[in-house]
Amino acid sequence: ALDFLYAHGWDQTHDGWHFMGDRNGNPQPPPWGAPSAKWSFVQHYALLGPTAMCEATGRGEDCGWLNRGTSSLEAHLWDATPGREGYFNNAALDWSNRYEKWFTPTVDGITTHVLYAYLIGNGGAERTRLLSLADAMSDRMVANMSAPGVRFGFPEVYQSDWSIGGDRFGF
């Protein structure tokens, strides 16, 4: 599965992972209703296999793909604007028009690869990213548990400035 992913899953033109492909590895357009062509969910979850294999075996190819995917996320989806730090949830195919911050790029970013990249590498950059996402969870999500309209849990959808952006609650 990883050999197939490495051979066909990477977008050689725009960087990052393709949203989906056919059985032969040919890239396919995102399905109707997909949030965006470079949805953070795809970019983060594509790193599950490389992260697990890098941790388990230390194999250079897997660790290299983990690093390549992480570098793409940092270059294209990370918002370093002071007071707005966090991964964007959506972007166009060419990474333009980056927008929104959600539960997915924040919490799933930690659970798919950020925590493990820190534990594998124990480096400063990985620790900084882990703490930045933990801060976003605490300062943005948990802090909004009592916001108007929240009946249960915390908001899932946020605008790019971290203002509440929807009525999806319960996480």
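Glutamate 100 lies in the loop between strand E4 (86-87) and strand E5 (101-102), where strands (E, at least two residues) and helices (H or I, at least four residues) are DSSP runs numbered from the N terminus. The model is a predicted one, in which local features need pLDDT of at least 70 and side-chain atom pairs count only at pLDDT 80 or more, while totals for chains, interfaces and linings use all residues. Residues are numbered from 1 along each chain as its sequence is written, and side-chain values use heavy atoms, with hydrogens and water left out.

The phi of glutamate 100 is near 65 degrees, a positive value in a residue other than glycine. Most residues other than glycine have a negative phi. With a relative accessible area of 16%, glutamate 100 is buried; buried denotes under 20% relative accessible area, exposed over 50%, and partly exposed in between (1.4 Å probe, protein chains only). A positive phi, of about 75 degrees, also occurs at tryptophan 162, which is not a glycine. Tryptophan 162 is placed in the segment after strand E6 (157-158) and counts as buried at 4% relative accessibility.

Helix H5 (residues 103-121) has 19 residues and reaches 25 Å from its first C-alpha to its last, close to the 27 Å expected at 1.5 Å a residue. The expected span is 1.5 Å times one less than the number of residues. A kink of about 60 degrees in H5 is centred on isoleucine 110, the bend at a residue being the angle between axes fitted to the seven residues ending there and the seven starting there. Among the buried residues of H5 are Phe103, Pro105, Ile110 and Val114. The buried residues of this helix pack against helix H2 (40-45), helix H3 (48-57), helix H4 (60-76), E4, E5 and helix H6 (124-141).

Within helix H6 is leucine 130, which counts as buried at 15% relative accessibility. Leucine 130 touches Ile110, Val114, Leu115 and Tyr118, not counting residues up to four places away in sequence; contact means heavy atoms within 4.5 Å. Leucine 130 and valine 114 are 16 residues apart in sequence, and their C-alpha atoms are 6.0 Å apart in space.

One disulfide is counted, under the criterion of a pair of cysteine sulfur atoms within 2.5 Å. Cysteine 54 and cysteine 63 form this link, with their sulfur atoms 2.1 Å apart. The link is right-handed, with 100 degrees about the S-S bond. Cysteine 54 is buried at 5% relative accessibility, and cysteine 63 is buried with a relative accessible area of 16%.
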